[in-house]
Amino acid sequence: MIVDTGRKVNIAGPQEDSGAVIRVERVHKIYKMGDVEVHALHGASLSVNRGEFVSIMGPSGSGKSTMMNIIGCLDRPTKGQYFLAGQDVSKLNKAQLADIRNQRVGFVFQSFNLVPRTSALENVELPLVYAGVGSSERLRRAREALAIVGLSDRERNMPNQLSGGQQQRVAIARSLVNHPSIILADEPTGALDTRTSTEVMEIFQRLNRERSLTIIVVTHEPDIADYGTRIVSFRDGRIKRDVPVESRRDAAAVLRELPPPGEDEDDEQ
Amino acid sequence: MNLIAILKVAMRALGRNKMRSALTMLGIIIGVGAVIAMVSIGQGAQQMVSSQINSMGSNMLYVQPGNMMQGGASMGMGAASTLTEEDVVAIQREIPTVAHVSPVVRSSGQLVFGNQNWFVQIQGTNDQFPEIRSWKVQEGDFFNEADVQSASRVIVLGRTVADKLFPGMDPVGQTIRVRNLPFRVAGVLEAKGQSMVGQDQDDTAIVPYTTVQRKLAGRTIPAIGQAMVTGVSETGSKLAEKQIADLLRQRHKIGAGESDDFMVRNMADVAATSAQLTTIMTLLLGSIAAISLIVGGIGIMNIMLVSVTERTREIGIRMAVGARPNYIRLQFLTESLMLSLLGGLIGILIGAGISRGISGVLGWPTLVSSLSVFVSFAFATAIGIFFGYYPAHKAAALDPIEALRYE
């Protein structure tokens, strides 16, 4: 059996400090659905600096999901260029994109997307497995990531033994375990109640503040968007509005204001 | 990316649907088991045939007189009386690669002892019969050269004949009557069992060929029906085959271009022919079993396709966090390989068990050769890769965005 061990990606130069972590330049994305061409992005440009916390908003069909997929290297633009941490990733092949996702991007999804019947710890280890990290180092880093999201005591639990909020925290731990350049969260609070949502946003704000992690959150909810430093609104495949948040919300403060949880809200499901 | 992680995931995936995995493996188990059992039975049969051929006498050649035409009608091989006593003597004398030669003159008759009687095929040979047929005398002695010279009335009985005429008695030294002539029983041959064609080889009696010609014959003296020859070795008998033919052509004054009036048959050729037959049988049985192995492989492909569909979302997650398409491919290939290898292993054990059972019940020798084990294991592996490749490729070709959205 052929096993590729030399898995480390060649990432061109440490350019993260030069300013923009994400530089999307006039990208177009055209989907072909049968004979019909759907123009999902019309030359949208976006630049995100290191340490920013960007909220992306827009109605469905506005192109924001397409933009997320391109930024997350799940998809390639039809036209235009995309530089992630200084590297042009718009022309890479599938395997190279997989490597970039592994090394540069952390994903958090609305539906958590943990691998079923696999423990929290192993879920967090997953990106490290594909990065070719040895098992003891994997364990150490996965535990560290679980500690950051406050789930050290749940590492042996399977996803179905965790509440929604806990599952999302495992997903966050997984997204940051490989020290990515950006964390992309696609409606991370869409399936959670207010309190759990606020807790999740508190973790994002903490990571953003303490580790200068660049965070991009796609959301429908203006409340959630206000936890960021900047709001980018999409409409008809273009960026319609790109403004800094004037009065940013502090999730930790909001949590203190909320009525105390009944019992342990994590186990309510 | 490492093998242990792949194996762990594969084992978990197969363990999650134990019943399904077991049923999928069953196809391979039956296929491999059938191949092993069939081939071992075939090879057992082959071995049995060759041991029987060896029991007829190793390095043995038969020289038969040729075809005779009577009024335009062929009387068949051996009908002519072109093989003479002098020919036999010449073969013995002039061909150094020949170890033993005996003429064979056939007759038959009623053997009578007291109130017992038994009809038997009588073979007239010389004293070299035991060496040629590698057939030992169990009780008493074989007749000697002097008996042959003087056409003595001595007889050596096969085991079956001895048991029929002398139930519970020692036949050696007794006198029996053959066609109303008294014969002294010199010895009894050891039991040899059935021949290839199912004939009881022990239902025979041997007397000097001169005795058949001079004492037992009626008005016409029976001709030499056959000469049995053994070479000094296996290669010796090969060489002898050619030399005998040359000698007889010369003695019978057969010119170049004329056909032989005799035939030399090598038992090694007979053995080779029947070995070929059983090989064909083995191949036939094996290939029918192999078809069931292929059907088992299709079962694997089927279940792997189901598994890929079921785990589409999981594949999407793995791709999103950085699994290359090749890794996904390897993952699913590993799972189908595990199914086929484990199935192959169990199939080998079951196949070996079946062939053991058959040899136990039917008394038929079976042989589980390491070659058939190796080949069927390799075949199972190939099937795992071949039928696992398409589902694995399908998994690897998934679009991560689509896969993540899959419900």
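Student: Before we look at this predicted model, what counts as a pocket here?

Tutor: On a 1 Å grid over the protein atoms alone, we look for open sets of points with protein on both sides within 12 Å along at least five of seven lines. Such an open set, in this predicted model, is what we call a pocket.

Student: What volume does the largest pocket have?

Tutor: The residues closest to the centre of the largest pocket include Ser65(A), Asp186(A) and Arg405(B), and its lining divides into 13 nonpolar, twelve polar and nine charged residues. The volume of the largest pocket is about 890 Å³.

Student: Which element gives the largest share of the lining of the largest pocket?

Tutor: Several elements each supply at least two residues of this lining, among them β1 (20-33) and β7 (182-186) of chain A and α13 (400-405) of chain B. The largest share, five residues, comes from α1(A).

Student: Which strands of the open sheet in chain A stand at the edges?

Tutor: The sheet has four strands, paired antiparallel in the order β2-β1-β4-β5. One side of each edge strand is left without a neighbour in the sheet, because each has a single partner strand. The strands at the edges are β2 and β5 (87-88) of chain A.

Student: In β2(A), which residue is the bridge partner of Ile22(A)?

Tutor: β1(A) and β2(A) run antiparallel and are joined by eleven bridges. The bridge partner of Ile22(A) in β2(A) is Val48(A).

Student: How far apart do the C-alpha centres of the two domains of chain B lie?

Tutor: Chain B is divided into domain 1, with residues 3-52 + 273-405, and domain 2, with residues 83-260. The distance between the C-alpha centres of domain 1 and domain 2 of chain B is 56 Å.

Terms used: Residues are numbered from 1 along each chain as its sequence is written. Chains are lettered from A and ligands numbered from 1 in the order in which they are written. This is a predicted model: local features need pLDDT of at least 70, side-chain atom pairs count only at pLDDT 80 or more; totals for chains, interfaces and linings use all residues. Side-chain values use heavy atoms; hydrogens and water are left out. Domain bounds come from an automatic or database domain assignment. On a 1 Å grid over the protein atoms alone, a cavity is a set of points where a 1.4 Å probe fits but cannot get out, and a pocket is an open set with protein on both sides within 12 Å along at least five of seven lines; lining residues have an atom within 4 Å of a point. Grid points are joined across faces, edges and corners, and a volume is the space filled by probe spheres set on the points. Ala, Val, Leu, Ile, Met, Phe, Trp, Tyr, Cys and Pro count as nonpolar, Asp, Glu, Lys and Arg as charged, and the others, Gly among them, as polar. Two strands pair if DSSP finds at least two bridges between them.
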